[in-house]
Amino acid sequence: MTDLFTAVLNMSITASYVALAAIAARMLLIKAPKIFSYVLWLPVFIRLVCPFSFNSAFSFLNFLQHNPRLSSGAMEYVPYNIGFMQDPAVDVGIGSISNAVNSSLPPAAPMASANPMQVAMGFASNVWIVGVSLLLIYSIVSYLKVMDNVKTATLVRDNIFEADRITTPFVCGFIRPKIIIPAGMSENELSYILAHEQTHIKRLDYLVKPFAFLALIFHWFNPLMWLSFALMSKDMEMSCDESVLKKLGNDIKGSYSNSLLSLSVKRSGLLMGSPLAFGESNIKSRIKNILAYKKPKFWVVAAAIVITAVLIVSFTANPKNEDVSAPITYPEYDAEVLIANKTPYVGNNSKVVALIDALPLPAGIVRGTVELHTANQPYEITINLVMTDASDVTVQGVISGDAFYRNSILLFSLIDNVDIINCKISDNTGKYDDASYTFTYTREMTERLIGEDVRSYAGSAGTLKNLIDRLNGMSFDAERTSKDEQKEIKLPDFKANVSDPIEQLVYDAAVKQYSRPNDGFTVVAPTIFGSYEEGNKLKVFVTVFNMRYRLYGKTLSEVSGGIVPAAITFTKNADGSYTLDEYLEAMDGSFFPKSIKEYCVMPVSKKEIRGLSDKILDDYGDHKNRSELLMENLVEHLKSNDQKGIILKRVTDELVPLT
Amino acid sequence: MEQYKLFDAEYKFASLVWKNEPINSTELVKLSRDKLGWKKSTTYTVLRKLCERGILKNEDATVSAIVKKEDAQKYESQTVIEKVFDGSLPQFLTAFLGERKITEREAEELKRIIEEATK
């Protein structure tokens, strides 16, 4: 559903540009017959319903500062994976607008189970679909009501019927359209009105309007489209008036206008003062247009045809895709193939080799054998590479190992239990004296570089692409040297010392839950929503911010962490102490709200605790207090371990002095 | 004497009966199709309604009138009960499109403009 909404959103943005241009072009064509303004709405309609188009250098959208991504012919301003982006960003093609929009988008909370943007997009698409449904139902009901009312309309002649409960003539039906006129119209008035309605039928306007309205329903959130629909309707009526005049001659101007006027005076007053009505009434501008109508001069028509044709093509075409060839140091990765070969075990020979072969190698390097060291930990992969052609090698940064580091990080992400990857390059060209180089990468290094467990990116092709994008923008050398030189200082996990016994229990349980002594020390910051005792059970509902850190010299880096709501159950012992029974975490992604609702029950009777899950979910939108508490606890922990002058280096490379 | 008010379509339909009564209902369906452009189901629906209101009667597939033509009267088409819809689009939309009622002053002004332009 979110994908569909994103597609509609992207079409809406393109259509908005085209609509603005069409409005501007209408001004240009003000002297020309209205039929030209009318057909200019066709590209807007195409943009609203069809995501794809052809590319052309003539495209009016070339004015956009940087072309939004064109994926298989569709303009993409709002990326489909916006919910999963580190920093959600749209590119509407005009820098200042994009910046304004982007600054209002919530960044991803890397540790949280669901990104705010993902939640926001999900919410927005729900609102969208509800709006679409309501409008569709409303329209269908209205249409059925009309059909029911005109069922008893009586035949006048041909396809003309009269009915007494309507005040305005209209065309009705899709396959065999009927003209329905109010009963009791004078023969004089009738002839002009019929000429008008018959022109509508001849030009298939009675089909245009419902389809345009259907498109409008799907883009209901875009006010420009409502304006466009109103203007399109006006252009349709006016050009229809003009063709009646063309057919019946200029002499009927007066009587034609008078029939229009008397029809609109007859209208009931129900619609008067409607806040939605704007500008001068349609009837006034129509009458003015009729009175001002002259048979257009030949050259005006000729010029209008040329201008309109050019505009339609340029409005419909997508900008020419100036294919900026990807930088050589950023080869194409096929995320789908990589995900398909994801494996938990380094011992899975075929998958591991398939992964290695799916990763691009720099020109002049070919793969030799692959060795899997799986006998005991640490598990290692050694990839033997052979240099066959040295000419490009230095240019492409092979010697610095960037390409291999990138590939290795992807392997660490996709093979769960590999610890070390060696890339051994032997020279077969003779140019470097048969030297061989080995680049060794460890999971530890990778996690320090990326700032989190890279396996978390291996969920889907979409998330993996985010990792690839991140790697693309990364400089490897600086990271590697600055951190590796420092020796790690091992610290114990955080030990809370609080007065509230329940809070103390929560701290101990949470640290125990997230502790991985071989991989840094753990600090937690819980928010407690309530504790419930029943029988000898105690159940505490919390949201815990947990984070593992490693200290290298004076630099502290974040290893991994998360913000996870949980229900912790304890048993009360005879001596008054408590033992931990269960630490139940909320589930990730779309199961998130449901899983919380499910565990918000009493410990023994399993009776629902009303309002609790809402409280937890509401609180989950903002992690500011928890982050502050985490920092306080971290500082306290460092102080109690006599660590002074420590600087925290965040995932974002931000440096925060702590003690 | 009580007056029976009929809508335009109902009046036209009743007129067919007054002119041809007594008439076989199958004949009436044919007649309605030719004169009014009605489907069979529409004819029977309107017939049923008028019978329920005691204006016509349908006995053994023969339709005749209970109320005489002189006692029936058409609703003035302008004193329409309640306008349910306007044209083929939902009402809020026609309002939005500026197809609102024009004020008397506007109407006068337009009349003047038309007269001037076509003098």
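Let's take helix α7 of chain A: how many residues does helix α7 (residues 205-218) have, and how far does it reach from its first C-alpha to its last?

Modeller: Happy to! Keep in mind that this is a predicted model. Helix α7 of chain A has 14 residues, running over 205-218. From its first C-alpha to its last, α7(A) reaches 20 Å, which is close to the 20 Å expected at 1.5 Å a residue.

Now look at what is covered. The buried residues of α7(A) include A:Asp205, A:Tyr206 and A:Lys209. Further along, A:Ala212, A:Phe213, A:Ala215, A:Leu216 and A:Ile217 are also buried. Here is a general idea to hold beside that list: an α-helix has 3.6 residues a turn, so residues three or four places apart point the same way.

A:Phe218 belongs to one aromatic cluster together with A:Phe5, A:Trp128, A:Trp220 and A:Phe221. Over all chains, the count comes to 16 aromatic pairs. One of them is formed by A:Tyr405 and A:Tyr441, and it is stacked, with 4.5 Å centre to centre and 15° between the planes. This pair links distant parts of the chain, 36 residues apart: A:Tyr405 lies in helix α14 (residues 402-414) of chain A, and A:Tyr441 in strand β12 (residues 436-442) of chain A. Both A:Tyr405 and A:Tyr441 are buried.

For another geometry, turn to A:Tyr532 and A:Phe541, an edge-to-face pair with 5.7 Å centre to centre and 70° between the planes. A:Phe541 counts as buried because its relative accessible area is 0%, while A:Tyr532 is partly exposed because its value is 23%. A ring can also have a charge over it: the charged end of A:Lys178 sits over the ring of A:Phe161, 4.8 Å from its centre.

Strand β15 of chain A covers residues 537-552 and pairs with β16(A) in the antiparallel sense over 16 bridges. Strand β16 (residues 555-572) is mostly covered, with 15 of its 18 residues buried. Across this pairing, A:Leu551 has A:Leu556 as its bridge partner. The hairpin of β15(A) and β16(A) has two residues between the strands, and A:Gly553 takes a positive phi near 60° there.

β16(A) has other neighbours too. Three bridges join β16(A) to strand β18 (residues 647-649) of chain A, and these two run parallel. In β17(A), A:Glu585 is the bridge partner of A:Ala566. The hairpin of β16(A) and β17(A) has five residues between the strands, and A:Gly576 in it takes a positive phi near 95°.

Finally, let's step across to chain B. A:Thr152 sits in the loop between α5 (116-150) and β4 (154-157) of chain A. Contacts of A:Thr152 include B:Ala9, B:Trp38, B:Thr42 and B:Val46. A:Thr152 counts as buried because its relative accessibility is 18%, and the cut-off for buried is under 20%. Chain B itself has five helices and five strands, which run β-α-β-α-α-β-β-β-α-α from the N terminus on. Of the 119 residues of chain B, 42% count as buried.

Notes. Residues are numbered from 1 along each chain as its sequence is written. Chains are lettered from A and ligands numbered from 1 in the order in which they are written. This is a predicted model: local features need pLDDT of at least 70, side-chain atom pairs count only at pLDDT 80 or more; totals for chains, interfaces and linings use all residues. Side-chain values use heavy atoms; hydrogens and water are left out. Helices (H or I, at least four residues) and strands (E, at least two) are DSSP runs, numbered from the N terminus. The expected span of a helix is 1.5 Å times one less than its number of residues. Buried means under 20% relative accessible area, exposed over 50%, partly exposed in between (1.4 Å probe, protein chains only). Contact means heavy atoms within 4.5 Å. Rings of Phe, Tyr and Trp (its six-membered ring) pair if their centres lie within 6.5 Å; planes under 30 degrees apart count as stacked, over 60 as edge-to-face and the rest as tilted. A charge sits over a ring if NZ of Lys or CZ of Arg is within 6 Å of the ring centre and within 35 degrees of the ring normal. Two strands pair if DSSP finds at least two bridges between them.
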